Amino acid sequence: MIPAQFEYARPSSVQEAVRALAEAGEDAKVLAGGQSLIPMLRMRLAVPSTVIDLGGVSDMRGVRDDGDALAIGAMTTYADVIRDPMVREHAPLVVQATETVADRQVRHMGTFGGALAHADPAGDMPSVALALDMMFDIEGPGGRRAVPAGEFFVDYFTSALSPDEILVSVRVPKLPGWGTHYEKFNRVAQAWAIVGVAAAVRRSGDTIEKARIALTNMGPTPVRARGVEEALAGAPATAEALASAAARADEGTAPTGDVSASSEYRSYLATVLTRRAVAAAAGIPQDG
Amino acid sequence: MTTAEAGPTPQVGAARSRKEDARLITGRTMWTENITLPGMLHLAILRSPMAHARITHLDVGPALEAPGVIAAFSGRDVADVQGSMPCAWPVTEDTVVPDYPPLAVDEVRHTGEPVAVVAARDRASAMDALEAIEVDYEPLPVVLGMEEALAENAPLVHGDQGTNKCYTWTFDSVQAGTGGDVAAAEADAEVVVKRRYTQQRLIPAFMEPRSVVVDPTGDQITMWSATQIPHILRLMLAMVTGIPEHKVRVVAPDVGGGFGGKLQVTPEEFIAFVAAQRTGRPVKYTESRSDTMMSGHHGRDQIQDVTLSARRDGTVTGLSIRLLANMGAYLGIVTPGVPILGAFMYNAIYKFPAYRFECTGVFTNTTKTDAYRGAGRPEATFAIERAMDELAAELDMDPIELRRRNWIKHEEFPFTTVATLTYDSGNYEAATDRAMELFGYDALRREQAERRRSGDRVQLGIGVSTYTEMCGLAPSRVLGSLRYGAGGWENASVRVLPTGKVEVITGTSPHGQSHETAWSQIAADQLGVAFEDVEVLHGDTRTSPKGLDTYGSRSLAVGGAALVHACERVVEKARPIAAHLLECDPADLEFTDGAFRVRGTPEAAKTIADCSLAVFTSHDLPEGVEPSLDSDATYDPANFSFPHGTHLCATEVDTETGRVRIRSYVAVDDVGRVVNPTIVEGQLHGGIAQGIAQALYEEASYDNDGNLLTGSFVDYLVPGAPDLPHMVTDRTETPAPDHPLGAKGVGEAGTIASTPAVVNAIVDALRPYGVTDVPMPCMPERVWRAIRDAREGAPEGSERS
């Protein structure tokens with residue numbers, strides 16, 4: 001349980017980090033909070049030539065008001081995200097989902113941006129990013145670019161980041177008038193989700209105006225439940241309408257099976273949990 | 001003159017804080033991994049990635065070229081010196097005991113089996129060098145399931161044995177003369193419940209990974225090991241390697257948990273021993289968590305076929321158990337005996353007139369199984385308590401009422417069971433009544449009925465588990481009759497220092513149990529010294545040369561009795577000295593309230609400290625009295641002790657998702673007289689947590705090629721505090737008549753009792769759906785499938801009556 005040898009760089013600014021990454025070449029790995037990378041290094045599942053530790057890049061930490069959005073620095077820890085008054089006010093879904101991540105120790109080390117850049121479809125942050133339509137600010141040798149959440153997640157543990165790019169911050173839209181909920185289903189509190197559902201819903205009186213629903217661990221990337229969203233748009237805010245819409249939650253998903261759940265069960269759970277998540281987000285009472 | 005008008009406060013029964021905690025919690029202590037010796041080398045072990053294969057080529061040469069490497073060798077290199085891992089419990093005359101080389105020589109039989117070792121100047125270099133070792137494997141067919149392994153033409157785990165069967169062990173009450181014939185009972189029965197239960201494979205998830213340091217410097221080889229059994233380890237090292245026993249010293253320093261998982265003599269200990277001898281330098285090996293999970297021994301893994309015969313009034317008339325027990329690929333120190341320990345407990349607290357038990361041990365290409373908290377008894381308790389609930393459902397009888405009709409009544413103790421054991425004492429009525437009161441049994445039954453009536457999505461279930469278990473392993477004669485390779489006695493000695501401070505030396509070997517605290521309490525009361533004035537020494541064969549270590553809830557039940565006897569001998573040795581100091585006849589002295597007093601003149605007193613000072617100077621001792629108070633006692637229990645209790649669990653089952661939530665949990669245990677209630681409560685909380693873990697969360701599983709799928713805590717789910725319910729614990733106290741303190745033992749009780757309570761509660765919640773079982777662990781998907789299958793298999797209204 002000792003990593004193979006690697007070179008180590010600890011830049012103190014984004015520019016330095018980008019330069020270090022370019023110099024290190026393709027086999028480099030970027031270290032954020034280390035909650036995924038360190039175990040992979042220790043098990044020698046990852047054998048990078050260089051580890052670039054962003055722990056010293058202080059301008060990548062913290063939350064800033066950016067008008068219609070909040071800009072969360074990629075190196076902001078989960079714990080700091082949960083505590084931040086702006087996040088609590090404008091992005092309660094982020095707070096709710098982040099509180100379910102692993103355990104307290106992990107939340108004090110793990111970072112918001114690290115979790116997103118890791119692009120684990122079983123992670124909680126990616127589906128939340130999709131449901132909230134977050135915008136990813138990325139920096140590389142060619143400068144800065146912005147990628148919407150819908151284009152960021154490419155495959156298992158693969159994002160739109162090029163090997164020479166770094167995720168600097170993430171803009172989280174403030175969604176006044178929306179209700180949100182994260183429904184996570186796991187076997188023990190610190191485990192990854194078997195299935196998770198991030199729901200953001202805007203109601204207009206007795207009608208659901210718009211819903212954005214994203215699923216955790218239902219395929220190689222977090223995935224929007226488009227069928228449910230379509231069915232909900234303009235639907236009455238009733239348990240019956242919700243139930244029939246939620247039945248479409250597994251459309252277009254490709255869940256896998258593991259020791260805790262088969263793909264069949266995941267597909268079924270997605271429908272149940274979507275119904276519960278939307279009901280909670282939209283304030284629709286459920287039977288039983 | 002010392003006066004002691006008011007005697008010291010009794011320590012036994014007091015909730016003293018643990019003496020050990022400060023150093024254990026802060027880690028400022030000696031764990032094996034903390035040990036660093038001059039010139040010490042670090043070992044890394046290459047393990048097989050194959051579940052069954054022939055080693056066709058293995059070359060450690062390239063590893064020797066790697067930086068920092070001092071030595072590297074394979075099983076073939078040490079084939080003539082490494083010996084074969086010992087099994088101390090072949091349960092029958094014809095038990096198959098295969099050769100078990102610490103480092104595989106020609107063939108590997110489970111993933112994770114050690115094949116080569118590297119010794120380097122530092123741990124990282126040793127790990128790096130492993131990658132340079134060249135190995136070629138020729139795959140052999142893999143057999144994983146027990147029934148597949150017993151089928152004709154099954155691939156053989158040990159080709160030279162010609163069979164995958166390790167043994168078949170039987171007990172029949174007809175032959176034992178303790179009861180009738182189960183076949184006749186079944187033929188005459190008005191109701192027969194036949195069930196198959198699977199005890200899934202579990203991994204003992206102790207906190208401290210196993211670690212071993214060997215120092216070959218000098219005349220005596222010293223081994224430090226994170227083990228539960230330093231004394232047995234020393235003996236086995238001597239017997240296997242041929243090094244004389246007195247030239248081997250074994251130390252178990254502070255050990256971070258075991259749960260039976262460190263009741264083992266491990267290949268890694270032997271590999272380190274050989275490495276130290278070959279290099280002539282101290283070596284250290286500390287395994288990773290993945291190593292522990294892959295190659296440390298596992299627990300449970302049995303298939304249980306239960307046939308329970310009864311009359312319609314609920315009276316049980318016969319019990320037949322057929323067991324398959326997975327040994328894994330090799331036999332560990334007590335592998336074959338674990339299911340046999342259960343053989344005596346299936347009849348549980350009930351008066352069965354006929355009983356038969358048959359167990360077949362089976363080899364498979366998996367890591368060996370061996371003791372895990374409860375070892376055989378949780379499995380037995382699960383099967384009988386599940387079957388009793390099934391019988392209650394079959395008879396439409398309250399499960400507690402069914403138990404009442406069949407259990408041994410308190411006035412019937414001592415009671416000799418159909419399985420030949422004599423239960424010492426107990427009061428099942430009192431424990432059950434108390435548990436029902438704390439639980440609010442009737443109110444919960446009413447709520448359950450209401451939820452059933454309203455078709456609530458979340459159904460309520462109530463699970464009952466009434467158990468007893470055999471503690472205090474063990475009377476040596478009984479172990480002998482079961483072909484176990486050692487006795488079951490325990491030793492304690494007491495040294496009284498000149499200043500009146502006391503050293504207690506115990507042959508038991510704590511790894512989290514609080515011996516230092518509890519033994520101090522006992523010695524304080526017995527000798528009239530302060531709790532703080534007692535030091536408890538353990539786990540080093542140099543300071544405590546005699547002992548049989550800690551497992552099977554034996555430390556207090558056996559070792560505690562030895563300590564009481566050793567203390568009594570100190571008092572008897574001090575008596576003539578105290579009489580001399582008090583100028584009276586020894587016969588006129590009584591030892592009460594911590595001091596010797598002349599009968600009728602309680603003011604004049606001499607303490608043990610007074611006597612020890614007199615012994616130290618020896619200026620004025622009575623004629624012929626040996627100047628020492630030090631004493632030693634070895635205690636061989638005449639019988640086991642039988643704690644018991646009633647655990648009640650209420651679960652809420654989300655019938656839509658299959659998720660189970662434990663709503664309330666009540667445990668009323670009777671562990672005899674209690675030395676320290678806080679420690680007892682801690683044992684119960686931890687034990688219940690582990691039992692719940694088996695019911696709901698934990699399972700070691702392999703893929704079809706024999707790769708462990710649950711090789712880390714990501715997949716092997718050990719519950720944490722947020723996953724566990726609030727536990728209400730209470731006690732009744734029926735003293736053990738055969739124990740000088742009346743104590744029984746508590747180390748395994750919680751684990752034994754809790755698993756069936758939880759599963760019974762889940763099944764009870766789902767009975768209206770036609771569900772009669774959910775396989776463990778009852779993870780959400782399995783609960784969901786059980787509901788779905790029952791619905792599909794049995795259309796509404798057609799449930800069995």
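Let's start in chain B, where strand β9 (residues 211-215) and strand β10 (residues 221-225) pair in the antiparallel sense over 4 bridges. Strands here are DSSP runs of E with at least two residues, helices are runs of H or I with at least four, and both are numbered from the N terminus; two strands pair if DSSP finds at least two bridges between them. Look along β10(B) and you'll find B:T222, the bridge partner of B:D215.

A word on what you're looking at: this is a predicted model, where local features need pLDDT of at least 70, side-chain atom pairs count only at pLDDT 80 or more, and totals for chains, interfaces and linings use all residues. Residues are numbered from 1 along each chain as its sequence is written, chains are lettered from A and ligands numbered from 1 in the order in which they are written, and side-chain values use heavy atoms, with hydrogens and water left out.

Now zoom out from that strand pair. β9 and β10 belong to an open sheet of 7 strands in chain B, ordered β3-β5-β1-β12-β9-β10-β11, with mixed pairing. β3 (69-74) and β11 (248-251) of chain B sit at the edges with a single partner strand each, so one side of each has no neighbour in the sheet. On average, neighbouring strands are turned by 20° against each other, direction ignored. Such angles run from 0 to 180 degrees between N-to-C directions, using axes fitted as lines to C-alpha atoms, for helices over the stretch in contact. Helix α3 (residues 123-130) of chain B lies across β1 (41-47), β3, β5 (114-120) and β12 (283-286), running at about 25° to β1(B).

Chain A has a sheet as well. This open one has 3 strands in the order β1-β3-β2, with parallel pairing. Its edges are β1 (7-9) and β2 (28-31) of chain A, each with a single partner strand, so one side of each is left without a neighbour in the sheet. The twist averages 20° from one strand to the next. β2(A) pairs with strand β3 (residues 50-53) of chain A over 4 bridges in the parallel sense, and A:A28 has A:T50 as its bridge partner in β3(A). Helix α1 (residues 14-24) of chain A lies across β1, β2 and β3, at about 175° to β3(A).

Further along chain A, strand β4 (residues 63-66) and strand β5 (residues 69-73) run antiparallel, joined by 4 bridges. Their hairpin has 2 residues between the strands, and A:G67 takes a positive phi near 75° there.

What about domains? Chain A is divided into domain 1 (1-55 + 63-176) and domain 2 (178-282), with bounds from an automatic or database domain assignment. Their centres, taken over C-alpha atoms, are 24 Å apart. Contact, meaning heavy atoms within 4.5 Å, links 26 residues of domain 1 of chain A with 24 residues of domain 2 of chain A.

Finally, where do the chains meet through helices? The axes of helix α12 (residues 263-282) of chain A and helix α21 (residues 780-793) of chain B come within 11 Å and cross at roughly 85°. That makes α12(A) roughly perpendicular to α21(B), a label for angles of 65 to 115 degrees (under 35 counts as roughly parallel, over 145 as roughly antiparallel, the rest as oblique). A:E264, A:Y265 and A:Y268 in α12(A) meet B:P780, B:E781, B:W784, B:R785 and B:R788 in α21(B).
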